[in-house]
Amino acid sequence: MEFLEWIKGIASQETLQHIGHIGIWAIIFAESGILAGFFLPGDSLLFTAGLLAWAGHLNIYYIIIGSAIAAILGDSFGYYLGRRFGPKVFSREDSRIFHKDHVERAKQYFAKYGPITIFLARFTPFVRTFAPVLAGVGRMEYGTFIAYNIFGGIFWVLSMSLLGYFLGSVIPDVDRYVLPIVGGIILLSLIPAVIGLTRSRRKPS
């Protein structure tokens, strides 16, 4: 509950009204492309921004267009970081975590599952921050990456922001229910990761 309260604080109506459109775009970019931004609440941020747009405090078109661009650029920057610095980081023979074998595994994974991973990662907290970096480390073909990056970024921003905009128009005093709605969004967004982890554990080693 404290975690949800913290997220609500960052994505609160007061905070978003204060930072405005540019602040929202900056947070979306940071969560998508800068590793230090993995803790930022992109889903609930976009939802609350959509809610504020319905109330007339923000512009829904600015939110959608600016946030989509920020998300796409953020993922592209993360890909660049992984492709540029990944091979150097994962070059040590004696490291269990940063071992060069992990680069080869990343290459095999993104060659097979890269497109769907880049798309679904948009809807999974934490994963959406690290997926583009790992795609860069794994040398995923950039044409494929950017296509799914654009598609996923636009679909993610549209779905989250328009959900807030729509609920604001049909539910009276919907701001009273932001905390449980945010909790529901987080739980739903974690489903793909849980399913993937469960399947991987069931596979014979």
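Predicted model: local features only at pLDDT ≥ 70, side-chain atom pairs only at ≥ 80, totals over all residues.

**Overall layout.** I counted eight helices and zero strands in the protein; helices (H or I, at least four residues) and strands (E, at least two) are DSSP runs, numbered from the N terminus. Residues are numbered from 1 along each chain as its sequence is written, and side-chain values use heavy atoms, with hydrogens and water left out.

**Buried share.** I looked up how much is tucked away: 45% of the 205 residues count as buried (under 20% relative accessible area, with exposed over 50% and partly exposed in between; 1.4 Å probe, protein chains only).

**Helix α3.** This one covers residues 42-54 and reaches 18 Å from its first C-alpha to its last, close to the 18 Å expected at 1.5 Å a residue (the expected span is 1.5 Å times one less than the number of residues). I see that 12 of its 13 residues are buried, so α3 is largely enclosed by the rest of the structure. Just after α3, glycine 56 takes a positive phi of about 90°.

Leaving aside neighbours within four places in sequence, isoleucine 28 is in contact (heavy atoms within 4.5 Å) with residues including Leu45, Leu46, Ala70 and Trp156.

**Salt bridges.** How many salt bridges does the structure hold? I found three, going by a side-chain nitrogen of Lys or Arg within 4 Å of a carboxyl oxygen of Asp or Glu.

- Arginine 128 meets glutamate 31 at 2.9 Å, N to O. Arginine 128 lies in helix α6 and glutamate 31 in helix α2, so the pair ties together parts 97 residues apart in sequence.
- Arginine 128 also meets aspartate 43, at 3.1 Å, N to O. Aspartate 43 lies in helix α3, so this pair ties together parts 85 residues apart in sequence.
- Arginine 122 pairs with aspartate 75, the closest N and O atoms being 3.3 Å apart. Both of these residues are buried.
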